[in-house]
Amino acid sequence: MRELFQFMSYKQEMKGGKIIRLRGGYLSIALIVLMFTTILLWAWDKSYFASFLPLTREQYMIPVSEYAVDVSNSSSTSIKPKYEVAKSVDKMKERSNNTDEKEKPRKSSDYSDAHSASKLPPELKENEDGVILSPSSKVCNYAKGKWVEDNRRPWYSGLGCKQWLSIMWACRLTKRKDFSYEGYRWQPENCYMPEFERSSFLRRMQNKTLAFIGDSLGRQQFQSLMCMLTGGEESPEVEDVGGEYGLAKAPGALRPDGWVYRFPNTNTTILYYWSASLSDLEPLNRTDPSTNIAMHLDRPPAFMRKFLHQFDVLVLNTGHHWNRGKLKANRWVMYADGKPVEEKKPLDMGNAKNLTVNSIVRWLDSQLSLHRRNLKVFFRTISPRHFFNGDWNTGGSCDNMIPMSGGSEVVQDGSSDTVIESALKGTKVKILDITAISQLRDEGHVSRYTRRAILNTSDCLHWCLPGIPDTWNELLIAQI
């Protein structure tokens with residue numbers, strides 16, 4: 001009996017041993033499969049072995065940068081690139097200490113180089129001009145994209161920047177209560193627009209001059225840039241060098257014809273000159289203060305001809321002065337080839353504007369090859385008006401306060417300003433296309449809160465600052 005029990009125990013041990021050995025075999029096979037899978041995945045990502053596989057990751061690559069949804073504001077959903085979301089977290093932490101933005105302007109120390117120092121995400125690449133594109137894009141169309149909410153805006157406080165900002169455009173100093181229009185940025189569809197950083201821009205523009213020549217919308221862009229570059233703070237170190245360009249206030253004049261300021265640390269000069277029509281203006285009788293003024297449609301302004309050789313970047317604009325009312329108020333008489341053009345019949349204002357725009361573009365294009373400073377010229381497209389139910393003098397208004405109530409995206413490829421777009425074709429003058437993106441932002445105008453308000457009138461032409469012109473400058477800086 002004992003021998004039988006020992007035999008049965010021995011048989012049971014043999015059976016258990018087989019089970020243990022069998023399970024050990026399965027475990028070894030699993031480990032081998034796991035190791036092989038790990039090696040395969042590593043080879044897929046790191047070596048040329050991936051080129052032999054039928055499906056590589058390039059076949060699944062999204063042509064435009066990946067997006068992550070930001071739902072921090074329950075009333076709207078904005079879309080941001082994932083790398084932008086990560087950077088936003090840091091900025092949100094930096095700004096969390098500013099408990100009352102409306103009452104206390106941010107200091108220059110609130111801004112850092114964190115964004116400009118960050119690495120580009122792997123899905124983006126930089127072309128030969130320094131423009132950062134997605135893999136599927138060859139040319140960046142900065143005017144095609146969408147407005148997205150961004151709590152890092154604005155770049156300066158509307159309660160500050162009194163050294164540069166005209167009080168009539170400082171909407172924070174008016175009775176307006178809603179300032180949500182300040183908190184958005186423009187996101188181009190096919191390329192990454194580097195974050196603005198003022199010290200970086202001033203270094204890039206060291207020993208250079210950036211000039212704005214145009215109408216009051218050009219002056220807004222100029223004031224916007226000055227506020228952006230100083231953070232809206234008093235900057236006594238910035239020098240007024242208007243005298244070097246003959247821009248002094250004439251006796252009896254409300255203001256000079258322009259302003260010029262220089263940042264001494266980098267010797268960077270920012271200039272604005274008022275030329276609403278971009279035509280050369282010449283008094284017909286210099287001894288008579290009330291004389292008519294010849295408006296030479298085919299001749300660039302004398303100021304531009306005189307100082308062009310000192311500019312490194314030139315930004316032009318014109319548009320809203322091309323009407324009979326403005327010509328009459330300014331006593332402008334249109335000339336071409338040195339002769340009045342309306343002696344026999346009136347000239348269509350659209351044709352007059354086209355003649356001037358094409359003339360100045362052709363002249364500048366001919367000068368670029370002669371320019372020693374590698375001049376870059378941008379022609380900014382027209383800034384849209386938003387008068388509803390009338391015009392500026394017939395009760396028109398723009399009372400909407402809801403951002404992007406008419407949409408947030410521009411999907412067209414061409415410019416809405418076909419006059420400027422067609423004039424630049426075949427030239428080296430670049431387009432600064434802001435028309436369609438600004439068309440979406442009717443809530444950003446001064447509106448009925450203008451400090452110079454006449455009863456029942458609204459300013460639906462000019463913009464609140466901070467505001468939309470800040471984005472114009474971001475687009476400009478990205479292309480310089």
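## Salt bridges, a mixed sheet and its helices

In this predicted model, the side chains of D391 and R385 meet in a salt bridge, with 2.8 Å from N to O. Neither end of this pair is hidden away: D391 counts as partly exposed at 27% relative accessibility, and R385 likewise counts as partly exposed, at 36%.

R299 forms a salt bridge with D280, and their closest N and O atoms are 3.2 Å apart. This pair links distant parts of the chain, since R299 lies in the loop between β13 (293–296) and α6 (302–307), whereas D280 belongs to strand β12 (residues 280–283), 19 residues apart. R299 is partly exposed, with a relative accessible area of 30%, while D280 counts as buried at 6%. In the other pair, R441 forms a salt bridge with E443, and here the closest N and O atoms are 2.6 Å apart. R441 is buried, with a relative accessible area of 0%, and E443 counts as buried at 1%. Elsewhere, salt bridges that share partners join D150, R152, R153, R185, E195 and E474 into one network.

We turn now to the sheet. An open sheet is formed by 7 strands in the order β9-β10-β11-β8-β14-β17-β19, and the pairing within this sheet is mixed. At its edges stand β9 (239–240) and β19 (430–432), each of which pairs on one side only. Strand β8 (residues 209–214) pairs with strand β14 (residues 313–316) in the parallel sense over 4 bridges, and within this pairing A211 has L314 of β14 as its bridge partner.

Helices also pack on the sheet. Helix α11 (residues 468–479) touches β8, β14, β17 and β19, and its direction makes about 155° with that of β19. With 12 residues, α11 reaches 17 Å from its first C-alpha to its last, close to the 16 Å expected at 1.5 Å a residue. This helix is mostly covered, as 11 of its 12 residues are buried, among them W472 and E474; E474 is also one of the members of the salt-bridge network.

T269 has its place in strand β11 and is buried, with a relative accessible area of 2%. Leaving aside its neighbours within four places in sequence, T269 is in contact with K208, T209, L210, V241, Y245, V260, Y261 and R262.

Methods: Residues numbered from 1 in each chain as written. Predicted model: local features only at pLDDT ≥ 70, side-chain atom pairs only at ≥ 80, totals over all residues. Heavy atoms only, no water. Pairing = 2+ DSSP bridges. Helix = DSSP H or I, 4+ residues; strand = E, 2+ residues; numbered from the N terminus. Contact = heavy atoms within 4.5 Å. Axes fitted to C-alpha atoms, helices over the stretch in contact; angles between N-to-C directions. Expected span 1.5 Å × (residues − 1). Buried < 20%, exposed > 50% of the residue type's maximum accessible area, 1.4 Å probe, protein only. Salt bridge = Lys/Arg side-chain N within 4 Å of Asp/Glu carboxyl O.
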